[in-house]
Amino acid sequence: MKKSIVFSLVAFFAMIFNAQSQNVLGKWKTIDDETGQAKSIVEIYEKSGKVYGKIIDILNPEKRKSLCTKCSGEDKNAPVLGLLIIKGLVKDGDEYNGGKILDPLKGEEYKCLIALEGKDKLKVRGFVGVSLFGRTQYWYRVK
């Protein structure tokens, strides 16, 4: 009897841990499209039922003090480090969409969708209009 209770508890906590590692929340390493080098760390979090992402680290020390000079509104000339770049995504099946993503280099905002492709790989797609017209990046979970 005791063995079955212990086994049940272990299985329960294993399922909870596995479910937590199978979501988009957490820290993700971004990759530069042109160089293939790791560029920054974005923390994706949930607030009031929506998903957001902000830059919490810039991996190139020379760019840590960069400003979003091409951004508009409240992001104009804001430090890129700490910038909120993913805004207002909601879960829709296996993906999150309905929000925006900001490209701090271009100062442009795009519609966005994100989806897991394995537990440690995140597909991030920014687009104009429909998802067909955009580009995809892959981010990797920081352990």
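In this predicted model, V130 is partly exposed, with a relative accessible area of 47%. The assignment follows because a residue counts as partly exposed between the buried limit of under 20% and the exposed limit of over 50%. V130 lies in the loop that connects β7 (121-127) with β8 (134-141). Together with L132 and F133, V130 makes a nonpolar surface patch of about 350 Å².

β7 and β8 pair in the antiparallel sense over 7 bridges, and V124 stands opposite Q137 in β8. β7 itself is mostly covered, as 5 of its 7 residues are buried.

β7 also pairs with strand β6 (residues 108-116): the two run antiparallel and are joined by 6 bridges. In this pairing, L116 has L122 of β7 as its bridge partner. β6 and β7 form a hairpin as well, with 4 residues between them, and G118 in that turn has a positive phi of about 95 degrees.

A further hairpin involves β1 and β2, with 6 residues between the strands. There, G36 takes a positive phi near 75 degrees. Strand β1 (residues 26-31) is antiparallel to β2 and joined to it by 6 bridges; the bridge partner of W28 in β2 is V42. β1 is joined to β8 too, in an antiparallel arrangement with 2 bridges. In β8, Y140 is the residue opposite K29.

| Strand pair | Sense | Bridges |
|---|---|---|
| β6 and β7 | antiparallel | 6 bridges |
| β7 and β8 | antiparallel | 7 bridges |
| β1 and β2 | antiparallel | 6 bridges |
| β1 and β8 | antiparallel | 2 bridges |

In a regular strand, the side chains alternate between the two faces of the sheet.

Strand β2 (residues 38-47) contains E46. Leaving aside neighbours within four places in sequence, E46 is in contact with L25 and V51. E46 and L89 are 43 residues apart in sequence, while their C-alpha atoms are 9.1 Å apart in space.

Attention now turns to the cysteines. Which residues does the disulfide join? The disulfide joins C68 to C71, with an S to S distance of 1.6 Å. This pair qualifies because the cut-off for the two cysteine sulfur atoms is 2.5 Å. By this rule, the count comes to 1 disulfide. A disulfide is a covalent bond between the sulfur atoms of two cysteines. C68 is buried, with a relative accessible area of 0%, and C71 counts as buried at 3% relative accessibility. C112 likewise counts as buried, at 1% relative accessibility.

For the chain as a whole, there are 1 helix and 8 strands. Read along the sequence, the pattern is α-β-β-β-β-β-β-β-β. Of the 143 residues in the chain, 30% are buried. Among contacts with a separation of 6 or more, residues 24 or more positions apart account for 34%. The chain exposes about 9,300 Å², of which carbon and sulfur atoms supply 57%.

Key
Residues are numbered from 1 along each chain as its sequence is written. This is a predicted model: local features need pLDDT of at least 70, side-chain atom pairs count only at pLDDT 80 or more; totals for chains, interfaces and linings use all residues. Side-chain values use heavy atoms; hydrogens and water are left out. Contact means heavy atoms within 4.5 Å. Buried means under 20% relative accessible area, exposed over 50%, partly exposed in between (1.4 Å probe, protein chains only). Patches are made of residues with over 30% relative accessible area and no salt bridge: like charges are joined within 9 Å, nonpolar side chains (Val, Leu, Ile, Met, Phe, Trp, Tyr) within 5 Å. Accessible areas come from the Shrake-Rupley method with a 1.4 Å probe; for residues, only the protein chains shown count as cover. A salt bridge is a side-chain nitrogen of Lys or Arg within 4 Å of a carboxyl oxygen of Asp or Glu. Two strands pair if DSSP finds at least two bridges between them.
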